[in-house]
Each structure stands twice: as C-alpha cells, then as structure tokens.
Amino acid sequence: MKKRANFNSKLGIVLASAGSAVGLGNVWRFPTEVGTGGGAAFILVYVLCVVVLGLPLMVSEFIIGRHTHKNTADAYRQLAPRSGWILQGYLGVFTAWFILCYYGVVAGWTMKYLVEALVGGLGNITDSAAYFTSFSGAVWEPLIYMLVVMLMCHIVIYRGVQAGIERSSKLMMPMLLLIIAMLVVFSFSMPGSREGLRFLLYPDFSKLTSSVVLSAMGQAFFSLSLAMGCLCTYASYFTDDAKLIKTAGSVALIDTIVAIMSGFIIFPAVFSVEAVAPDAGPGLVFITLPHVFKIAFGGLPLLGWFFSVMFYLLLLLAALTSMFSLHEPPTAFLIEHFNISRRSATAVVTLVCVAVGVLCSLSFGVLADFKGLFGLTFFDFFDFVSAKIFLPVGGIIISIFVGWRLDREIIVAQLTNHGSLRVPSWLISAFVFLLRWIIPLAVGGIFIKELGLIG
Ligand code: TRP
C-alpha cells in the first residue's frame with residue numbers, strides 16, 4: 001500500500017487548520033453578527049462558546065482523525081464497524097461538499113471586488129447596493145469569478161497535502177495576518193473611529209436575548225469549521241508528535257483574534273461615515289463597505305485604493321484557505337474509498353461543486369423566482385441545509401460519539417501522544433464531561449431554535 005500523505009511540520013499543521021477556520025465566517029459573518037447582536041456583549045458570549053463548546057469538539061475531531069489516519073467516512077467505519085455511527089462519516093463528507101458549492105459563489109464575489117478595487121472601479125460606484133444586486137444577479141460575470149476561484153482551489157487540492165494545502169497555507173496565512181494588522185491600524189486612524197470602538201468594547205447587555213446567545217454558538221461552530229469532516233480530515237494528516245490540545249488552542253486563538261480584528265477593522269470605518277448602520281446585515285462587506293471606502297477616502301483616493309485592495313485581498317485569501325479544507329474531505333474520501341487517483345477524485349469534486357455552484361449563483365438572478373426547494377432558492381437551500389441542519393446534527397453526534405462511545409484509552413493515548421505528554425487527568429475528565437452532557441444539550445438548543453425557523 002502507498003504511504004499515506006501527512007503534513008510536514010507543526011507550523012504547517014497549525015497554519016493549515018487555522019486556514020480552514022479563518023474564512024468568510026470571520027471577516028464577513030462575524031462582524032454582521034456582532035452588529036446585530038449588541039457589540040461587546042455578543043463577543044463575550046462568543047468567546048465563551050469557543051472555549052467551552054468549540055475547543056472540546058475540535059479536539060474530538062482531531063482525536064478521530066489522527067487515531068485512524070483515514071478520511072472521515074472510513075474513520076467512523078473503523079472506530080464503530082457496522083453501526084449507525086458510520087452515517088456521521090458520510091454526513092461529514094457531504095456537508096463539506098454542500099458548503100463548498102455555495103461558499104465558492106461568495107468567494108467569487110470577493111474576487112470580483114478585489115479586481116474592481118485594483119482597477120479603481122470601486123471608487124466610481126454611485127449606488128453600492130444597486131451595483132451589488134446587478135452584479136450578483138447577472139448571468140456570466142459571477143459564474144466566471146466562481147469558476148476562477150474554484151479552479152484555484154482545484155489546483156491546490158490536486159497538488160496534494162504537502163505541496164498543495166500545506167505549502168499554500170504557509171504562504172497565505174502569514175500574508176493574511178499581516179494584512180489584518182495593517183488594516184486595523186488604518187481603521188483606527190480614521191475620524192470617528194472611537195464611536196466604532198465604543199460599540200465593540202462596551203457591552204450592551206439589553207440586546208443579549210436567548211436568540212443572540214444561540215447565534216453566538218452557531219457562529220462559533222461555523223467559524224471554527226467544526227462538526228463535519230474538515231478538521232477531522234486534516235487531523236488524519238497530522239504527525240504523531242503534534243500536540244492535539246495545544247494545536248486546537250492555537251487554532252481557536254488565531255480564529256478568534258482574526259474575527260475580533262475584523263470587527264476592529266470594519267466598525268470604526270463604518271462609524272466614521274454617517275448614515276451607515278452597523279447592523280446592515282450580510283450586505284455589510286459588499287454594499288456598506290464599498291460605500292464607506294468611497295466616502296471615507298473621498299479626498300485621499302490613493303489611501304482608499306490601498307485600503308480597499310488590501311481588504312478584499314484579505315477576504316479572498318481567507319475564503320480560499322477555507323475552500324481547501326472543504327474540498328479535501330470529499331476528495332480524500334473518493335481517493336481512499338473507491339481507490340481512484342487524486343487527479344480523478346479532485347476533478348469529480350470540483351465538477352459537482354461547479355455544477356451546483358452555477359445553480360446557486362444563478363439563484364441571485366434568473367433563478368431567483370425558483371423556490372422549489374422547501375420554499376428556498378438554490379443558494380439559500382444549500383446554506384440552510386448545511387449550516388443550520390447538518391452542522392448542529394454533526395456536532396451532537398460527534399460529541400456523543402467521543403464522549404460515550406469511544407474507548408477512553410484512545411482518547412488518553414491521543415491527548416498524551418501515547419504517554420509522552422503529561423496531561424492532567426482532571427482536564428481529560430472535564431473534556432469528557434463537556435462532550436457527554438454540555439455540548440449535546442447546548443447544540444440541541446441551537447438546533448431546535450433553527451428548526452423553529454422552519455415551522
Ligand atoms: N470556518 C470557515 C469560515 O469561517 C468556513 C468553513 C470551512 C466551515 N470549513 C467549514 C464552516 C466546515 C463549517 C464547517 O468561513
């Protein structure tokens with residue numbers, strides 16, 4: 001049998017996993033949620049969710065992946081042969097595939113905005129909302145941009161774990177962190193930025209309703225790439241000396257810092273322009289920000305150009321490294337399960353994503369009136385099913401599986417690297433306790449809330 005690939009270095013492991021976690025969820029979705037959820041109060045709850053719920057789940061996925069060294073579907077088959085748990089493995093593979101289909105569309109938009117920013121086109125937009133609607137509703141342009149980002153992702157995955165994923169993460173993640181730091185400094189120097197800072201730093205607990213708490217939880221899972229196959233698949237490429245708890249801690253820390261920094265970039269900028277609401281919703285980065293860039297840098301075009309180019313480059317880098325992690329689980333599954341080459345497996349995954357992605361993209365234009373999937377458009381359907389149904393279900397199953405079903409010896413062996421690391425036993429007990437009781441209950445809460453949305 002061919003030797004299975006693995007990541008080459010500990011830094012590569014952390015950066016690839018952080019690349020998966022840091023994505024549109026941090027730069028696009030997080031500030032939106034903070035805006036609607038009461039600023040600092042939301043952030044406090046969010047951080048709590050990351051530590052109490054996110055970390056144990058991430059460590060669980062690492063344990064499953066590294067113990068089995070298999071793709072997600074076969075990992076569950078090995079750990080629990082001939083049982084219903086195997087379905088979780090398949091669910092993970094399909095969830096990744098589903099998310100990638102529509103994630104690629106949004107990633108395509110970021111590329112379009114990067115190109116427009118580069119050629120100076122963003123500065124000429126008079127009505128940024130109309131501009132966005134007409135761009136995303138067109139037929140060819142968004143499709144072509146989606147195709148380009150899908151192709152970039154395809155090439156990286158085709159090149160494999162070390163030469164593709166690890167190498168590009170080692171290049172792209174430091175770039176991304178540098179851009180973030182630069183933009184934060186920029187944003188702070190804008191007039192009126194204090195207003196934005198106050199919004200982010202002073203908690204408004206009156207806005208903290210139960211539904212905001214549940215959104216914070218959902219956001220934490222999405223942002224950490226949890227509850228399906230991504231991190232489990234990456235962990236199957238971890239080396240034996242990687243420290244699982246430490247790695248999970250670093251990934252969660254980087255992810256949270258990037259999310260909060262994104263807030264620090266966006267809100268001071270937004271507050272420095274009058275008549276732009278901080279709770280503008282999902283249009284924030286594609287509608288509000290171009291408008292902000294334009295007004296804020298009206299007298300300083302060069303600065304505006306630089307700021308906007310850097311911002312959309314950041315968004316694109318973040319989206320791409322997450323796309324790698326969504327592409328790899330189905331690819332690894334096809335390779336190992338059906339014994340086909342990486343080349344064919346990558347092609348199948350990309351082709352399916354492009355085909356479905358076309359439908360998702362068109363659902364902002366010619367297919368906007370097609371609401372045949374439970375009353376949702378294609379884009380909304382894929383988003384809804386994966387993020388609101390598959391993710392919470394996956395989270396519950398994984399925590400119950402590792403908490404109740406997996407042998408304690410396997411957990412201890414993975415956490416201590418077969419006895420060579422010292423991990424206090426209370427920590428392991430706390431970990432198992434959270435998985436057994438707290439996480440299934442908390443995630444069950446999110447799930448019931450989301451289902452309530454259907455009914
Ligand atoms: N975490 C990524 C983001 O913040 C998106 C992502 C990648 C993801 N893989 C995932 C979300 C798996 C949920 C599950 O944008």
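A backbone N or O atom of F222 sits 2.9 Å from a nitrogen atom of the ligand, a polar contact (a pair of N or O atoms within 3.5 Å). The protein covers 100% of the 360 Å² of accessible area that the ligand has on its own (Shrake-Rupley method, 1.4 Å probe). This is a predicted model, in which local features need pLDDT of at least 70, side-chain atom pairs count only at pLDDT 80 or more, and totals for chains, interfaces and linings use all residues. Residues are numbered from 1 along each chain as its sequence is written, and side-chain values use heavy atoms, with hydrogens and water left out.

**Around the ligand**
- The ligand is surrounded by 18 residues, each with a heavy atom within 4 Å of it; the closest are A21, G25, Y103, F222 and S225.
- A polar backbone atom of G25 lies 2.7 Å from an oxygen atom of the ligand.
- A polar backbone atom of S20 is 3.4 Å from a nitrogen atom of the ligand.

**Helices α1 and α8**
- Helix α1 (residues 10-21) and helix α8 (residues 161-188) are DSSP runs of H or I, at least four residues long; their axes come within 8 Å and cross at roughly 75°, with axes fitted to C-alpha atoms over the stretch in contact and angles running from 0 to 180 degrees between N-to-C directions.
- The two helices, α1 and α8, are therefore roughly perpendicular to each other (65 to 115 degrees).
- In α1, L11, G12, L15, A16, A18 and G19 meet I165, E166, S169, K170, M173 and P174 of α8, with contact meaning heavy atoms within 4.5 Å.

How values were computed:
Polar contact = N/O pair within 3.5 Å; in protein donor to acceptor, adjacent residues only side chain to side chain. Parallel < 35°, antiparallel > 145°, perpendicular 65-115°, else oblique.
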